[in-house]
Amino acid sequence: MYLKGVEIYGFKSFGERIRIDFDGGITSIVGPNGSGKSNILDGILWVLGEQSYKNIRAKESKDIIFSGGEGKKPANYAEVSLFIDNRDNFFPIEADSIKITRKMSQNGDNDYLINDKKVRLKDIGELFLDTGVGKSAYSVIGQGKVERIISSSNKEIKSIIEEAAGVKKFQQKKMESEKRLEKVQNELEKIELVLGEIG
Ligand code: ATP
């Protein structure tokens, strides 16, 4: 599995549709200050389901859509797609190539797509859970994050290791089951009360 490319349109400084292809190995993106290098990383995080504007260096949804400039009109929507090589079946999807897209219109509505089919944000999260690629994984390390990791608390470091070791998925499932169990227990108590009143 590796990230083959990114396609960006209308996201932050990208007023024209661009596609960046990554070959295997290391890729460096170089350019003058303010030319949009970090915006590419923000775009990747955004597709992975990032919900915090702060984490992608924005204040509100309108900061994410290209606002025009250099003779180009503002965009009506922002769209970023990640192209992932899945020939090793790393992701449980029967396809050699996976395209993951997030699209946001001016009213702030988001669409998520896997291979051009609409999915829920939850599906994107589940696809990446425990893969070390998700939005909260450390696959995208922006400026300042290295320092943040080093100065993290033991609890935060434990959480990073748990994500990398693949136990997060089970913790989440356990939490969901516990919630369901609690609900059933509440219902049971109600039924017993009613039965008590009848009897
Ligand atoms: P540095 O090397 O200084 O870190 P960089 O190449 O990483 O810079 P970015 O921070 O990715 O640059 O891009 C900043 C640029 O993106 C700024 O010029 C800013 O005006 C532009 N930009 C951000 N959001 C938008 C938007 N919604 N519409 C148009 N331009 C935007």
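Of the 199 residues in the chain, 19% are buried, a residue being buried if 20 or more other C-beta atoms, placed from the backbone, lie within 10 Å of its own, exposed if 12 or fewer do, and partly exposed in between. The model is a predicted one, in which local features need pLDDT of at least 70 and side-chain atom pairs count only at pLDDT 80 or more, whereas totals for chains, interfaces and linings use all residues. Residues are numbered from 1 along each chain as its sequence is written.

The radius of gyration of the chain is 21 Å, while a compact globule of 199 residues would have one near 16 Å; the radius is taken over C-alpha atoms, and the globule rule is 2.2 Å times the number of residues to the power 0.38. Along the principal axes, the C-alpha atoms fill a box of roughly 80 × 40 × 35 Å.

The chain contains 5 helices and 6 strands, both being DSSP runs numbered from the N terminus (helices H or I, at least four residues; strands E, at least two). Their pattern along the sequence is β-β-α-β-β-β-β-α-α-α-α.

Strands of a sheet pair through backbone hydrogen bonds, either parallel or antiparallel. Here, 6 strands form an open sheet with antiparallel pairing, in the order β2-β1-β3-β4-β5-β6; pairing requires that DSSP find at least two bridges between two strands. Because β2 (18-21) and β6 (117-119) at the edges each have a single partner strand, one side of each lacks a neighbour in the sheet. Within the sheet, β1 and β3 run antiparallel and are joined by 7 bridges, with Val 6 opposite Leu 82 in β3. Strand β3 (residues 77-85) also pairs in the antiparallel sense with β4 (residues 97-105), over 9 bridges. In β4, Met 104 is the bridge partner of Ala 78, and Lys 103 of β4 stands opposite Glu 79.

Helix α1 (residues 37-47) lies across β1 (2-9), β2, β3 and β4, and runs at about 80 degrees to β3. Such angles run from 0 to 180 degrees between N-to-C directions, with axes fitted to C-alpha atoms, for helices over the stretch in contact; contact requires C-beta atoms, placed from the backbone, within 7 Å.

Finally, 15 residues are found around the ligand, of which Ser 13, Asn 33, Lys 37, Ser 38 and Asn 39 come nearest; a residue is near if its C-beta atom, placed from the backbone, lies within 6 Å.

Methods:
Contact = placed C-beta atoms within 7 Å.
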